[in-house]
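Here's a quick tour of a model, written for someone who likes to know the cut-offs. Have the viewer open and follow along.

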Amino acid sequence: MFWLVETNKQLKELKKKDFKKVFVEPLWSNENVHPYHRGIQGFYIREINYKKGFIVALQHSETTSCGMDEIYDLIYEFEEIFVRDRKEFINIAPSQKLSDIHFISPTDIPDPTPCHEFFYRKYSYIGDIGSIIPIVKHYERCETIYNAVKHVFAMEKPQHFEFYNNKATNVFYWIEQEGIKVDSELFEKHFNATPTPWNHVYTQFNLKTTTTRPSNSFGGINYAALDKKSGCREAFIPENDFLLEIDISAYHPTLAAQLVDYEFEHEDIHQAFADMYGVDYKKAKELTFKQLYGGVFDDYKELEFFKRVEKYIEDISSKEEFVCKSGYVFKTDMKPQKLFNYILQNTETYYNVLILEKIIRILKGCKTRIVHYTYDSFLLDVDKSERDVVKSVMDVFREFNFNIKVEAGKNYGSLERV
């Protein structure tokens, strides 16, 4: 059978091969477009041990097309589908059978072919640029990618696979596809970029970072670090009635206290530190974060909290590896303080994913939506008739014994304490 499948009759022949475990690579219409709107030209499908792969064409300029329903019927019959990015893939074919290769074993992916680079360099503005890149070049690229990742298929799935593959990808996909409404004039002014015709922008989380803490950027905009002083946040506005942000107070000190089994005497943790240090609130926050991330100062080594932190760091550094709550395993062949910081960030991500799961369940079928997330803050676009729903969302944080601060406003730059 030839590698190009472009009719439903040929698709039936491919289906008769009864493949069970396959590697699938989408042929995107334009890889520079957000995955939620990207569109596809077809799929590369290869059984994990078969001698060659097949391109199933959907709407490429050089081919006829198989039916979309027939393609999906084929995809959903596979027992396991290995993909390079599960979060991206569920935009076009959501399935519980998807296995993200990165969460089994991070693997370097070869650069695109010179042909792909040429077309994207010269014609990146074309929405369906993938349809004019020669189909044989798509096949060449996909075969190269397969050869780079095929060693992963036989690997045992690590402890963290279930958490990242089936939980983290789902919650961050959910936030991405919601999008955030913007004031188009302000957005263009501050970011020199154009939103969608319906005045929305879409964020994109990268779950494949060294620290395991997701980054969040798309189109050259770092949504995880929007400046608070420039006025750029005023560009983000509600689709409903108002924006509401829930911040977890003193998040990393709280997590550190859990790790070292320490209880603060004061509900306001920063005030508890202020009392310990004998300084004002603002100075206490500064001192605490410097010591959590950079090491304990000599003046405060005798404080019980920091004594336990230092003992904890000493203990974890004496092991060959450390298993986080998410199942992620860190090797301890790094500086002890750096290891502790990585563990804090992984623990933060673990709890945030569990929180987001619960919030998303609460908001299903509601007008209120969760539209943004940055490490210790969660931004809701609230319909004022659903105040009971918002209360249920806030109760989620209390389930995990996290103290929260709540702010609301008509745009992201004018939030005030409520």
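## A helix with a bend

Helix H6 bends by about 30 degrees at Ala 168, where the bend is the angle between axes fitted to the seven residues ending there and the seven starting there. Helices here are DSSP runs of H or I with at least four residues, strands are runs of E with at least two, and both are numbered from the N terminus. The model is a predicted one, so local features need pLDDT of at least 70 and side-chain atom pairs count only at pLDDT 80 or more, while totals for chains, interfaces and linings use all residues. Residues are numbered from 1 along each chain as its sequence is written, and side-chain values use heavy atoms, with hydrogens and water left out.

## The six-stranded sheet

An open, mixed sheet runs in the order S1-S4-S3-S2-S5-S6. S1 (4-5) and S6 (98-100) are the edge strands with a single partner each, so one side of each has no neighbour in the sheet. Strands count as paired if DSSP finds at least two bridges between them. S2 (residues 21-28) and S3 (residues 40-47) run antiparallel with 7 bridges, and Trp 28 sits opposite Ile 40 in S3.

## A covered strand and its partners

What covers S16 (residues 377-382)? Both faces are covered, and 6 of its 6 residues are buried. Ser 377, Leu 379 and Asp 381 are on one side, with Phe 378, Leu 380 and Val 382 on the other.

S12 pairs antiparallel with S16 over 6 bridges, and Ile 246 has Phe 378 as its bridge partner. S15 (residues 369-374) is also antiparallel to S16, over 5 bridges, with Ile 370 partnered by Leu 380. The S15-S16 hairpin has 2 residues between the strands, and Tyr 375 takes a positive phi near 65 degrees there.

## Positive phi without glycine

Thr 212, not a glycine, has a positive phi of about 75 degrees. Thr 212 lies in the loop between S9 (205-206) and S10 (215-218) and is buried at 3% relative accessible area.

Ala 250 also isn't a glycine, yet its phi is positive at about 45 degrees. Ala 250 is in the loop between S12 (242-248) and H8 (251-260), and counts as buried at 9%.

Methods: Buried < 20%, exposed > 50% of the residue type's maximum accessible area, 1.4 Å probe, protein only.
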